[in-house]
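Please keep the structure open beside them as you read.

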Amino acid sequence: MYKRQGSELYGDRRSSDADGVIRPLDGVQRVGGAMAVGDPNGDGHSDIAIGAPASLDGAPYGGGFLLVEGPILAGLMTVSTENVRLGVVSAGRMGTSLDFVDLDDVGRVELAVSSPGADGLEEDAGRVEIFDLTLGLDSDPVVTLLGESEGCLLYTSDAADEED
């Protein structure tokens with residue numbers, strides 16, 4: 001068992017202690033850091049999107065994310081090839097933050113994925129891409145938001161869920 005203290009984990013971490021274990025594809029490394037839970041396909045089962053912003057598997061530190069489709073069950077869950085998207089921008093850090101959003105207010109959510117190191121309107125301004133996951137992870141984003149100034153590092157935040 002382990003406990004979290006701030007951003008640090010202490011104690012023994014064994015898969016036998018977990019209710020479930022998510023195994024990415026062989027070769028997809030450095031998964032974790034950001035996670036979002038939603039039902040993008042409307043099947044009534046929660047899906048889990050997991051960021052991999054430090055992944056070296058696409059472009060160097062291009063990042064990426066993967067999707068674990070529900071129902072989420074106890075035991076080992078292996079992620080399939082079609083449920084992985086790797087970043088193509090070197091040092092873009094795709095998957096630094098993730099959030100499910102309902103763009104058109106019809107109750108079906110899309111996935112917002114940040115790449116704060118990617119170029120926006122200027123170098124390293126960042127970008128957020130919003131994907132309709134029903135079209136597949138290899139499809140183009142339905143919306144792309146670009147940071148405006150150099151070093152802006154645009155990213156998503158769950159602050160958008162809070163009402164004023």
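Is Leu103 buried, partly exposed or exposed?

1. Leu103 counts as partly exposed, at 45% relative accessibility (buried means under 20% relative accessible area, exposed over 50%, and partly exposed in between, with a 1.4 Å probe and protein chains only). Before going on, please note that this is a predicted model, in which local features need pLDDT of at least 70 and side-chain atom pairs count only at pLDDT 80 or more, while totals for chains, interfaces and linings use all residues. Residues are numbered from 1 along each chain as its sequence is written, and side-chain values use heavy atoms, with hydrogens and water left out.

2. Leu103 sits in the loop between E9 and E10 (strands, E, of at least two residues, and helices, H or I, of at least four, are DSSP runs numbered from the N terminus). Together with Leu135 and Val142, Leu103 makes a nonpolar surface patch of about 270 Å². Patches are made of residues with over 30% relative accessible area and no salt bridge, with like charges joined within 9 Å and nonpolar side chains (Val, Leu, Ile, Met, Phe, Trp, Tyr) within 5 Å; the areas come from the Shrake-Rupley method with a 1.4 Å probe, and for residues only the protein chains shown count as cover.

3. Now for the inside. In soluble globular proteins, nonpolar side chains tend to be buried together. The largest nonpolar core here has 14 residues, of which Phe65, Leu98, Phe100, Leu111, Val113 and Leu133 touch the most other members (a core is a set of buried Ala, Val, Leu, Ile, Met, Phe, Trp, Tyr and Cys residues joined through side-chain atoms within 4.5 Å). At least two residues of this core come from each of strand E6 (64-68), E9 and E10. Another core, of seven residues, lies apart from it and includes Ile50, Val68, Met77 and Val79.

4. Beyond its neighbours within four places in sequence, Phe65 is in contact with residues including Ile50, Met94, Leu98, Leu111, Val113, Phe131 and Leu137 (contact means heavy atoms within 4.5 Å).

5. How many salt bridges does the structure hold? There is one, between the side chains of Asp132 and Arg108, at 3.0 Å from N to O (the term asks for a side-chain nitrogen of Lys or Arg within 4 Å of a carboxyl oxygen of Asp or Glu). The pair links distant parts of the chain, 24 residues apart: Asp132 is in the loop between strand E11 (127-131) and strand E12 (143-146), and Arg108 is in the loop between strand E9 (98-101) and strand E10 (110-115). Asp132 counts as buried at 10% relative accessibility, whereas Arg108 is partly exposed at 28%.

6. Glu129, in strand E11, is buried yet has no salt bridge, and the nearest side chain of opposite charge, Arg127, is 4.4 Å away (Lys and Arg count as positive, Asp and Glu as negative; His and the chain ends are not counted). Setting aside neighbours within four places, the contacts of Glu129 include Met94, Leu111, Val113 and Pro141.

7. Last, some backbone details to check. A cis peptide bond joins Gly70 and Pro71, with omega about 10°, and Pro71 lies in the loop between E6 and strand E7 (75-78). Tyr61, though not a glycine, has a positive phi near 55°; Tyr61 is in the loop between strand E5 (47-51) and E6. Ala91 also has a positive phi, of about 65°, and is in the loop between strand E8 (84-86) and E9.
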